[in-house]
4 protein chains.
Amino acid sequence: MKYYLKNLVEANKSKQSRRFALFIQFLIILSVITFSIETLPDLKPQTRVVLNSIEAFCVLIFTFEYLARIYVADNKLRFIFSFFGIIDFLAILPFYLTFGIDLRSLRLLRMFRLFRLFKLVRYNKAMKHFASAMMVAKEQIILFMIITLMLIYFAAVGIYYFENEAQPEYFSSIFDSLWWSIVTLTTVGYGDVYPITVGGRIFTFFILLIGLGIVAIPTGIISSSLTKAIEPHSEDE
Amino acid sequence: MKYYLKNLVEANKSKQSRRFALFIQFLIILSVITFSIETLPDLKPQTRVVLNSIEAFCVLIFTFEYLARIYVADNKLRFIFSFFGIIDFLAILPFYLTFGIDLRSLRLLRMFRLFRLFKLVRYNKAMKHFASAMMVAKEQIILFMIITLMLIYFAAVGIYYFENEAQPEYFSSIFDSLWWSIVTLTTVGYGDVYPITVGGRIFTFFILLIGLGIVAIPTGIISSSLTKAIEPHSEDE
Amino acid sequence: MKYYLKNLVEANKSKQSRRFALFIQFLIILSVITFSIETLPDLKPQTRVVLNSIEAFCVLIFTFEYLARIYVADNKLRFIFSFFGIIDFLAILPFYLTFGIDLRSLRLLRMFRLFRLFKLVRYNKAMKHFASAMMVAKEQIILFMIITLMLIYFAAVGIYYFENEAQPEYFSSIFDSLWWSIVTLTTVGYGDVYPITVGGRIFTFFILLIGLGIVAIPTGIISSSLTKAIEPHSEDE
Amino acid sequence: MKYYLKNLVEANKSKQSRRFALFIQFLIILSVITFSIETLPDLKPQTRVVLNSIEAFCVLIFTFEYLARIYVADNKLRFIFSFFGIIDFLAILPFYLTFGIDLRSLRLLRMFRLFRLFKLVRYNKAMKHFASAMMVAKEQIILFMIITLMLIYFAAVGIYYFENEAQPEYFSSIFDSLWWSIVTLTTVGYGDVYPITVGGRIFTFFILLIGLGIVAIPTGIISSSLTKAIEPHSEDE
């Protein structure tokens, strides 16, 4: 029995284990879709009942999977406190916690259900590549993240001094100006706040000319380290 | 006769076949322009007659080309069910289907006329490069497309929890928040929806800092694999 | 005398010729600034007189330079019909043409004065690099420009079918939809037109996911060929 | 005593000097946060007192550090006029200058307090990489900055001629059009100004197709030279 379970839940090439993995992945996607639909306003009570049933079924399977994984693990404590052990636990925790509690206060708790998406990492090569690539370039990314943050801060201070008097409602403090700064330097440009004074526009002109190159660096590092991670042959050149 | 036709329609270096190819390309562009002009509101009846005549002429030639290609093909069935055989058939189908049908219900059918643009692929080296480059990098693109979709989904869930109460008309559900999420993470930033709460703005701040690098990865993979595909000498380095 | 002039106007290392080149560059920048100031509304008549005097002075020197270059050229006709010969001629032509003509109709003619900026190419290494890099990658840029245009066109057709009924004032024809298409796929996103139907938003979602990678290709080709052109040592690796 | 101070303020591997460096970095961040909070409107008088006390404390320590660095320097004059000597001086100057001066006129002076952020460079490897990478690519960046500026100027002139009559309030002169030009070509696209005429839109279409590749070049150069600067092993390949 234990051998059969071990064969089932642990990733290997047997037919059953692959079917089980696909089934779990399907349930993860299903419960995420259920979670999304639940946020729709004006849901009919019947729909809500269906959604809750699906949710209960998913949690049931996930609980079975979690217990089975503990049962078959050679070192049970190590599995429980491993990354995937904690993820598996957090994926079912919110359901059991919300029994009999008022639904209003549960908003944040329900969000924990999304930890289930991390369960997909176990089956996903791309996510593993992503995680390992981030580890390799970690130091560089942090260093240039700091430069980017300093530039965004400088831009916010500059625009505050130029626009504060003309638009006190949008540039009331450096914290408000930071919003303009991030939206502009990432080139999102919603258009909710923008400079209207001549000085502020000239400042934006130079900040954009200089800043785009700098803001693009962390993006470039992540992209290039990921591209390298998925091209193993390029490393032994 | 069959030999002459074969010489004409199949891509080779003879003068006639090149002229015929250019003529077909010209008709494709012409019929696409005709298609675009037909969507203009308040067209005069005379203009409509001219447009319909051009369309009928194009279809006539395309039909002749299609039949000629079947006639000269060594294996007729294989041509009919090949990629270009199907494209050639779909390019003329809508015209014959719409005889005597009410024009209102034809909207979607008329769109099939755009399949003619794919006929250009036969003559276009760039499109072939594009298709082959996409094939090579297919697996990577799909893997990081999934990561990108997961990030967009996380951003949507996050903004939903921050902005739902403040702006229930724009962030009424996770599906509505997904719209904000894609528009922001691709840096399009229309400005129709944007966070107004402090929490939502800080969340956007971090999502933009982290997310732009990740969203840029599929873009980077497509770009680099295409650049490689058009630089054959870079592969034997 | 001819020898002295030749020494002056033709690019060499002598002190006088370098001073003359700097003086001409200064006049080009000055006349461009003058041109910009002239577009300001509500200029005082005195300011206009000053601007016209500067303009007349610049044209005087440019005319002298043009005649001197013809005079010193070994093959006068070849210089006149060379790229720089034509640019030098176009730079002074508008001034002489506008004597005694009504000022209203001159708008477009005055724009020709900007050809003077091309005179800077003669002195600017970067512009020469740019021009030569564009020549090398010309074929690739054109090929992917065509793919980009086809994608923009497909996006326009798609959004037209989704949004035409909901927003007939913004998506009245495919030509209007093309405006949305270019603004969205280049991620400018002014926010003057955007989809509001569910279908249109889902279509935008997929077009953005797929399209950004493709639209970035011509940009990437220009960037990489230019970066190569300014790094000669990277070519002999 | 002098030996002890030298050990403390100059960067070396001793425990005390590292603790002192961390302490100074903490004060720099603290004074920047204080500076940001001071810009908040409607601060209570008590809060202001607390902020001023923190500011006074920071300046006290910075003054001690500055004097200590002069004291331990072998060549005192050379330190005072070195980059970091001037930065250290400018970081404390505004505080002493503002004693007894009316607070209204101090706006710009207070901004000098941000020079303290540059003090972080002394401790930050990334900033040194950044500075050295900028030095290496300085010439190229300037050259393509000029091309970018010329393109932005051409775009502004073009849109001025197309949109000036239709929207004289937004495109009143070339200087106003430059604002549109920089916001569009960097793809920020606030949506405060955009073309509405057919001519202006077609012009924007082509400027975006051509211009994005060129504007991306300085960005690309900065990114690539920085990526190289942080990957020393890639240079000896």
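Guide: What follows is an account of one interface, then of the salt bridges, and finally of some individual residues. Please bear in mind throughout that this is a predicted model.

Let us begin with chain A by itself. Chain A contains 11 helices and zero strands, and its pattern along the sequence reads α-α-α-α-α-α-α-α-α-α-α. Of its 237 residues, 49% count as buried. When one takes the contacts in chain A between residues at least 6 apart in sequence, 63% of them join residues at least 24 apart.

We may now turn to the place where chain A meets chain B. Here 38 residues of chain A are in contact with 41 residues of chain B. The size of an interface is often given as the accessible area lost when the parts come together. For chain A and chain B the buried area is about 3700 Å², and carbon and sulfur atoms give 72% of it. Across this interface there are six residue pairs in polar contact, both residues of each pair being at pLDDT 80 or more. On the side of chain A that touches chain B, at least two residues each come from helix 2 (15-38), helix 6 (107-111), helix 7 (116-119), helix 8 (125-136), helix 9 (138-163), helix 10 and helix 11. Sorted by class, that side of chain A has 23 nonpolar, nine polar and six charged residues.

The interface of chain A and chain B also holds one salt bridge. Its partners are Arg201(B) and Asp192(A), whose closest N and O atoms are 3.8 Å apart. Side chains of opposite charge can pair when their charged atoms come close.

A salt bridge between Arg201(C) and Asp192(B) likewise has its closest N and O atoms 3.8 Å apart. This pair crosses between chains: Arg201(C) belongs to helix 11 (residues 198-229) of chain C, while Asp192(B) lies in the loop between helix 10 (174-185) and helix 11 (198-229) of chain B. Glu65(D) and Arg69(D) form a salt bridge in which the closest N and O atoms are 2.9 Å apart. Both residues lie in helix 3 of chain D, four residues apart, which is about one turn of the helix. Glu65(D) and Arg69(D) are both buried. Arg69(D) has a further partner in Asp88(D), the two side chains meeting in a salt bridge at 3.8 Å, N to O. This second pair links distant parts of the chain, for Arg69(D) is in helix 3 and Asp88(D) is in helix 5 (residues 83-97) of chain D, 19 residues apart. Arg69(D) is buried because its relative accessible area is 8%, and Asp88(D) is buried because its relative accessibility is 1%. In chain A, salt bridges that share partners join Glu65(A), Arg69(A) and Asp88(A) into one network.

Helix 9 (residues 138-163) of chain D has 26 residues and reaches 37 Å from its first C-alpha to its last, close to the 38 Å expected at 1.5 Å a residue. This helix is mostly covered, with 19 of its 26 residues buried.

Phe118(C) is a residue with a contact in another chain. Phe118(C) sits in helix 7 (residues 116-119) of chain C. Leaving aside residues up to four places away in sequence, Phe118(C) touches Phe84(C), Ile87(C) and Phe154(D). Between Phe118(C) and Ile87(C) there are 31 residues in sequence and 6.9 Å in space, C-alpha to C-alpha. Phe118(C) counts as partly exposed because its relative accessibility is 28%.

Thr187(A) is found in the loop between helix 10 (174-185) and helix 11 (198-229) of chain A. Its phi is near 60 degrees, a positive value in a residue other than glycine. Thr187(A) counts as buried because its relative accessibility is 11%. Asp42(D) has its place in the loop between helix 2 (15-38) and helix 3 (45-72) of chain D. Phi of Asp42(D) is also near 60 degrees, again a positive value in a residue other than glycine. Asp42(D), at 79% relative accessibility, counts as exposed.

How values were computed: Residues numbered from 1 in each chain as written. Chains lettered and ligands numbered in written order. Predicted model: local features only at pLDDT ≥ 70, side-chain atom pairs only at ≥ 80, totals over all residues. Heavy atoms only, no water. Expected span 1.5 Å × (residues − 1). Buried < 20%, exposed > 50% of the residue type's maximum accessible area, 1.4 Å probe, protein only. Contact = heavy atoms within 4.5 Å. Buried area = accessible area lost by both parts, 1.4 Å probe. Salt bridge = Lys/Arg side-chain N within 4 Å of Asp/Glu carboxyl O. Polar contact = N/O pair within 3.5 Å; in protein donor to acceptor, adjacent residues only side chain to side chain. Nonpolar A, V, L, I, M, F, W, Y, C, P; charged D, E, K, R; others polar.
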